[in-house]
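Q: I have not looked at this one before. Can you walk me through the structure in plain terms?

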Amino acid sequence: MGLQENLQAEQVCSLPLRDPVTVSPNTSIAEVVEAMKTQRLGCAIVVDADRRPIGMFTESQLVRMQAEEQSNYDVPVSQIMSQDWPSLKQNAPIVDVLKSMRKHNVRFIIVVDEEGGLAGLTGQRSMLEYIADHFPGQVMVQRIGGPPHLHNQEGA
Amino acid sequence: MIEEFQDPLANYDPKGYCDPVERSLAEELVLTIQHRPYTTISPETPVRDAIKTLSALDISYLMIEAGGSLVGVFSEREALLKIGTNIDTLGDSPVSEFMTANPIYVHDSSASASALCVMAVSGCRHVPIVDLDARIQGIVSPQRVTEFLTNQLSLN
């Protein structure tokens with residue numbers, strides 16, 4: 001079966017989902033940034049008391065705050081977060097991750113369970129690992145970080 | 001007596017691919033993935049200006065160029081991990097103090113799979129493309145890889 005069929009047949013829950021940074025709406029931006037630094041993740045998901053995702057704070061929003069003079073990092077994340085972040089259910093086909101990232105121009109996709117509760121985080125990194133697993137003979141044998149073969153050739 | 005010519009490639013089977021993405025990863029150059037435009041700054045640029053450039057252009061990655069060659073990268077990830085909420089105290093320092101020096105890159109003559117390999121193996125989200133003289137030729141970003149994959153899979 002080719003990649004296209006697998007992307008349609010396999011479900012999002014078969015991707016390597018990541019444990020996201022989760023915070024409550026009242027958490028300050030400074031605390032959210034510290035949590036993202038600690039876990040080395042480029043986003044934090046804001047969840048309600050039932051652990052349902054209600055917003056997202058990303059590195060891009062931090063950069064916009066850094067670029068403005070006199071940004072206040074003590075404000076609650078609920079004042080800054082994006083509220084319309086794309087999410088997918090665990091049983092959606094993997095191809096929807098690609099489509100959603102392209103449509104919304106984002107790197108992260110929130111994965112939710114049947115009840116709408118947060119199940120995990122997927123996105124660009126997971127898709128690349130999936131492609132690499134699919135074509136290890138093409139992707140994983142590449143020489144990286146050095147000169148190409150042509151550069152090492154001697155003689156005629 | 002003249003020996004009958006034996007074609008050494010008589011039994012050669014050209015490589016077959018099960019999928020258009022596999023063929024493209026193996027046979028097309030990394031330049032096939034959209035790799036322009038890109039933005040460069042000098043190592044002496046104050047990090048505050050680097051961050052303002054990221055924000056103003058709505059991009060997540062800058063290449064640091066000195067003497068016509070790539071010497072480092074500065075992205076949203078460095079802005080998160082190394083600046084965080086301390087832009088007021090660190091903003092005047094040169095970006096060279098915060099950039100990732102000697103980033104992993106690929107050559108313009110490498111297969112498109114090499115960019116995905118860097119992302120999947122090293123976790124780097126952006127992959128600079130350089131020529132044999134280390135001059136910057138472009139940048140492969142996650143969004144451009146998503147676009148490449150969706151185009152190859154005819155998902156538009």
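A: What follows is a short chat about the two chains and the contacts between them, based on a predicted model.

Q: Start with chain A, then. How many helices and strands does chain A have?
A: Chain A has seven helices and six strands. Along the sequence they come in the pattern α-β-α-β-β-α-β-α-β-β-α-α-α.

Q: And what share of chain A is buried?
A: Buried residues account for 47% of its 156 residues. Of the contacts in chain A between residues at least 6 apart in sequence, 55% join residues at least 24 apart.

Q: Which residues of strand β5 in chain A point which way?
A: F108(A), I110(A) and V112(A) point one way, while I109(A) and V111(A) point the other way. Five of the five residues in β5(A), which covers residues 108–112, are buried.

Q: What does β4 do next to β5 in chain A?
A: Strand β4(A), residues 87–89, runs parallel to β5(A), and three bridges join them. Within that pairing, S87(A) stands opposite I110(A).

Q: Switching to the interface. How many residues of chain A and chain B are in contact?
A: On the chain A side there are 43 residues, in contact with 50 residues of chain B. The area buried between the two chains is about 4,400 Å², and carbon and sulfur atoms give 65% of that area.

Q: What about polar contacts and salt bridges between chain A and chain B?
A: There are three salt bridges between chain A and chain B. For polar contacts across the interface, the count is 11 residue pairs.

Q: Which helices of chain A supply the side that touches chain B?
A: Each of α1, α2, α3, α4, α5 and α6 of chain A supplies at least two residues of that side. The largest share, seven residues, comes from α3(A). By class, the side of chain A that touches chain B has 22 nonpolar, 12 polar and nine charged residues.

Q: Show me one of the salt bridges. What does E59(A) meet?
A: The side chain of E59(A) meets that of R125(B) in a salt bridge, at 3.0 Å from N to O. E59(A) sits in helix α3 of chain A, and R125(B) sits in the loop between α5 and β6 of chain B.

Q: Are those two residues buried or exposed?
A: Both R125(B) and E59(A) are buried.

Q: And K52(B), what is its partner?
A: K52(B) forms a salt bridge with E69(A), with the closest N and O atoms 2.8 Å apart. E69(A) is in the loop between α3 and β4 of chain A and K52(B) is in helix α2 of chain B, so this pair also joins two chains. K52(B) counts as partly exposed because its relative accessibility is 30%.

Q: Back to E59(A). Which residue makes a polar contact with its side chain?
A: The side chain of R107(A) does, at 3.2 Å. R107(A) lies in the loop between α4 and β5 of chain A. It counts as buried because its relative accessible area is 14%, and the cut-off for buried is under 20%.

Q: What else is R107(A) in contact with?
A: Leaving aside neighbours within four places in sequence, its contacts include M101(A), T122(A) and Q124(A) in chain A, and E76(B), R125(B), P142(B) and Q143(B) in chain B.

Q: Now chain B. Which way do the residues of β6 point?
A: V127(B) and I129(B) point one way from β6(B), P128(B) and V130(B) point the other way, and all are buried.

Q: Which strands does β6(B) pair with?
A: Strand β5(B), residues 106–107, pairs with β6(B) in the parallel sense over two bridges, and V106(B) stands opposite I129(B). Strand β7(B), residues 136–140, runs antiparallel to β6(B), with four bridges joining them. There, P128(B) stands opposite I139(B).

Q: What lies between β6(B) and β7(B)?
A: The two strands form a hairpin with five residues between them, and A134(B) in the turn has a positive phi of about 65°.

Q: Last one. Where is L29(B), and what does L29(B) touch?
A: L29(B) lies in the loop between α1 and β1 of chain B. Not counting residues up to four places away in sequence, L29(B) touches D108(B), S109(B), S110(B), A111(B) and S112(B). L29(B) and S109(B) are 80 residues apart in sequence and 6.2 Å apart in space, C-alpha to C-alpha.

Notes
Residues are numbered from 1 along each chain as its sequence is written. Chains are lettered from A and ligands numbered from 1 in the order in which they are written. This is a predicted model: local features need pLDDT of at least 70, side-chain atom pairs count only at pLDDT 80 or more; totals for chains, interfaces and linings use all residues. Side-chain values use heavy atoms; hydrogens and water are left out. Contact means heavy atoms within 4.5 Å. Buried area is the accessible area (1.4 Å probe) that two parts lose on being put together, summed over both. A salt bridge is a side-chain nitrogen of Lys or Arg within 4 Å of a carboxyl oxygen of Asp or Glu. A polar contact is a pair of N or O atoms within 3.5 Å; within protein, one must be able to donate a hydrogen and the other to accept it, and residues adjacent in sequence count only if both atoms are side-chain atoms. Ala, Val, Leu, Ile, Met, Phe, Trp, Tyr, Cys and Pro count as nonpolar, Asp, Glu, Lys and Arg as charged, and the others, Gly among them, as polar. Buried means under 20% relative accessible area, exposed over 50%, partly exposed in between (1.4 Å probe, protein chains only). Two strands pair if DSSP finds at least two bridges between them.
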